[in-house]
Amino acid sequence: MSLFYTSQLSTQSAMKLSQYGYDFTPEMLAKYPAENRDESRLMVVNRATGKIEHRIFKDILDYFDEKDLFVFNNTKVFPARLYGNKEKTGAEIEIFLLRELNRELRLWDVLVDPARKIRIGNKLYFGDDDLMVAEVIDNTTSRGRTLRFLFDGSYEEFKKALFALGETPLPKWVRPKVEPEDAERYQTIFASEEGAVAAPTAGMHFSKHLLKRMEIKGVESTFITLHMGLGNFRTVDVEDLSKHKMDSEQYFVTEEAALKVNQTKRDGHKIVSIGTTVMRTLETAVSTHGMITPQEGWTNKFIFSPYEFSVADAMVSNFHLPYSTQLMMVAAFGGYELVMQAYKIAKEEGYRFGTYGDAMLIL
């Protein structure tokens, strides 16, 4: 099934927050994933022609040939949400682990809810029989804190105990209560590098069977790592997008990944960014000559229209929420008017939005 979007694409810069709203209702959100990863729906949007097709995700290989390259994010989500109690009062406290600051000292950067009840020096208790104790040693932001976990065992024992207490950090706007299946489903099948508190959702549509079909067809793959933080869900609160600051996220581009991307580019084959996190990493690691360099670091790159992309020829992304930075990047890549029209069609056609929702392929 296909249709054509024939309206002339806009040349406007789309630099205002208000341009990224659309008619959204909570019913559009997918609360659960498709039964099979590769059987979610796939909207295919062609930038050159304006053509829009409606397919199933496993049909994605129909659009690519031997030697084309899919670039995936292999970050692994860890169980970042913990529930505990404050000393003396016993008040319930929710802790969201953001990142490890110091391995030897057991220091973690966290978010606390409710933040107003926590002060420096407070002790927090987690698990049955107070299995884990943490002390608040710093107030880093209005909501953030630095915790020092008090644990006498080895680092491996500490990490195992901490993660055993944690819960899969499925965003609460998807579903307030996490279920056992989320531990496996809120993760890509190729996740290997632990460090993310949010999953790279475009990669969650790939099944083992689909990866095998890619291999048989000769479509190649490589992996970068970007550890997604909660900044992906932070509200943009400025109308002028040039004034918005993204939270920094840690990324790694190996020599192998850089070589594969650069060789594919030189040979004239397509490079496909599987998700906005991959796109941000590629655009961070690209040199002035248009080639990827092996590197690691932190990126706060914010991509919105107008933006000239240097690496990817196509991208896969889920359907994102209004006013989100992910929608802004997708609109920059696909063309503002075409993407916003595609979102309108997606609503009319009953596509599922959000983390567990359907996918869009932009060619």
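Predicted model: local features only at pLDDT ≥ 70, side-chain atom pairs only at ≥ 80, totals over all residues.
**Entry 1: H6 and H7**

Helix H6 covers residues 325-334 and helix H7 covers residues 336-348. I looked up how they pack: the angle is about 120 degrees, and the axes lie 6 Å apart. That makes H6 oblique to H7, because angles from 65 to 115 degrees are the ones that count as roughly perpendicular. I also noted the hand of the crossing, which is right-handed.

Which residues in H6 meet which residues in H7? From H6 I listed Leu 327, Val 330, Ala 331 and Gly 334. Their partners in H7 are Tyr 336, Leu 338, Val 339, Met 340 and Tyr 343. I then sorted the residues of this contact by class and got 8 nonpolar, 1 polar and no charged.

**Entry 2: H5 and H6**

Next I turned to helix H5, residues 276-285, and its packing against H6. Here the angle is about 65 degrees and the axes are 10 Å apart. H5 and H6 are therefore roughly perpendicular to each other.

The contact brings together Thr 276, Met 279 and Arg 280 of H5 with Gln 326, Met 329, Val 330 and Phe 333 of H6. By class, I wrote down 4 nonpolar, 2 polar and 1 charged residues. I spotted Val 330 in this contact, and Val 330 also stands in my list for H6 with H7.

**Entry 3: the second largest cavity**

Now for the empty spaces. Rolling a probe the size of a water molecule over the atoms shows where empty space is left. How many cavities of 30 Å³ or more does the structure hold? I noted 3.

The lining consists of Met 246, Thr 276, Arg 280, Lys 301, Phe 302, Ile 303, Thr 325, Gln 326 and Met 329. H5 and H6 are the elements that give two or more residues to this lining. H6 supplies the largest share, 3 residues. Sorted by class, the lining of the second largest cavity has 4 nonpolar, 3 polar and 2 charged residues.

**Entry 4: the largest cavity**

The largest cavity has a volume of about 80 Å³. I counted 13 residues in its lining, and those nearest its centre are Pro 33, Arg 185, His 205, Tyr 356 and Gly 357. The lining divides into 4 nonpolar, 6 polar and 3 charged residues.

**Entry 5: the second largest pocket**

I finished with a pocket. The second largest pocket has a volume of about 160 Å³. Which residues line the second largest pocket? I wrote down Asn 74, Glu 193, Ser 221, Thr 222, Phe 223, Thr 225, His 227, Phe 252, Thr 254, Glu 256 and Lys 260. Strand E13 (220-226) and helix H4 (255-266) are the elements that give two or more residues to this lining. The largest share comes from E13, with 4 residues. By class, I noted 2 nonpolar, 6 polar and 3 charged residues around the second largest pocket.

Notes
Residues numbered from 1 in each chain as written. Heavy atoms only, no water. 1 Å grid on protein atoms, 1.4 Å probe; cavity = no way out; pocket = protein on both sides within 12 Å on 5 of 7 lines; lining within 4 Å. Points joined across faces, edges and corners; volume = space filled by probe spheres on them. Nonpolar A, V, L, I, M, F, W, Y, C, P; charged D, E, K, R; others polar. Axes fitted to C-alpha atoms, helices over the stretch in contact; angles between N-to-C directions. Parallel < 35°, antiparallel > 145°, perpendicular 65-115°, else oblique. Left-handed = near helix turned anticlockwise from the far one by under 90°. Contact = heavy atoms within 4.5 Å.
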